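Trainee: I have a model open and want to learn to read its features. Where do we begin?
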Amino acid sequence: MEGKCVIDAANLVKIYQNGTEELKVLDDVSIKVLAGDFMAVLGPSGSGKSTLMNILGCLDVPTSGQYSLDGFDVLKATENELAEIRNKEIGFIFQKFNLLPRLTALQNVMLPLLYRGQPEAEALALAREKLTLLGLEARLGHRPNELSGGQQQRVAIARAIVGNPKLLLADEPTGNLDSKSSEDAMQIFKELNEQGNTIVIITHDVEVADQVKKLVYIRDGKLYENH
Ligand code: ADP
Ligand code: MG
């Protein structure tokens, strides 16, 4: 597994059309992520980070370029294939956690497994295992608004890892957290990486970027190896 290319994206361009004006948000971005990598993409607000994350996460398509995920040509995939990739191959973590407010922590974490048709008893056992791993065994029945930001993000991390995805993609995962919860979340990512998870974190936070194994920079839609 180690060393295998999980993300191989080349010459990605994303252009938004605003009336007659064209806004080039990604400008010839090429990025490779290998199995076992722990990478951050660091850049200021508006630099194109979320646009890049959405393309890498198969939530959006580039205007031009190539992208293969674990050897599969994503840009030739059908909508159904993309939905399956998002469900099975990628675990997403967002700044605002994106938990479903009416569901408990346990139900939120079960959801990706239920979507793929896994039996409820299995989904329940796996969700409970991941939440326990992240120190939330006493919070299984809590809804998001009954949890702190740090706890909500841990539920979101449990949801992202419960289906054993090939890739964890996190967009500003510490953006809504206090510094202690931020450190805890980074510690969790470190441990997940040590267990073999491939992780890409998109962030504007230098302290987050300091803790990863590979760092690249994004500015005005261009990717740089050095600052
Ligand atoms: P970041 O996540 O680094 O803050 P984004 O990728 O969200 O940056 O946005 C990069 C640029 O693209 C910004 O100038 C933003 O206003 C613009 N942008 C993002 N999404 C759209 C869209 N759907 N239509 C037009 N412009 C957009
Ligand atoms: Mg963003």
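Mentor: With strands. Helices (H or I, at least four residues) and strands (E, at least two) are DSSP runs, numbered from the N terminus. Two strands pair if DSSP finds at least two bridges between them. Here strand 1 (residues 5-18) runs antiparallel to strand 2 (residues 21-34), joined by eleven bridges. Tyrosine 16 stands opposite leucine 23 in strand 2.

Mentor: This is a predicted model: local features need pLDDT of at least 70, side-chain atom pairs need 80 or more, and totals for chains, interfaces and linings use all residues. Residues are numbered from 1 along each chain as its sequence is written, chains are lettered from A and ligands numbered from 1 in the order written, and side-chain values use heavy atoms, without hydrogens and water.

Trainee: Which strand does isoleucine 7 reach through its bridge partner?

Mentor: Strand 4; the partner is leucine 69. Strand 4 (residues 64-69) is antiparallel to strand 1, with five bridges.

Trainee: How do I read an aromatic pair?

Mentor: Two values describe it: the distance of the centres and the angle of the planes. Rings of Phe, Tyr and Trp (its six-membered ring) pair if their centres lie within 6.5 Å; planes under 30 degrees apart are stacked, over 60 edge-to-face, the rest tilted. The count here is one pair. Phenylalanine 92 and phenylalanine 94 are stacked, 5.9 Å centre to centre with 10° between the planes.

Trainee: Is phenylalanine 92 buried or exposed?

Mentor: Buried means under 20% relative accessible area, exposed over 50%, partly exposed in between (1.4 Å probe, protein chains only). Phenylalanine 92 has 13%, so it is buried. Phenylalanine 94, at 21%, is partly exposed.
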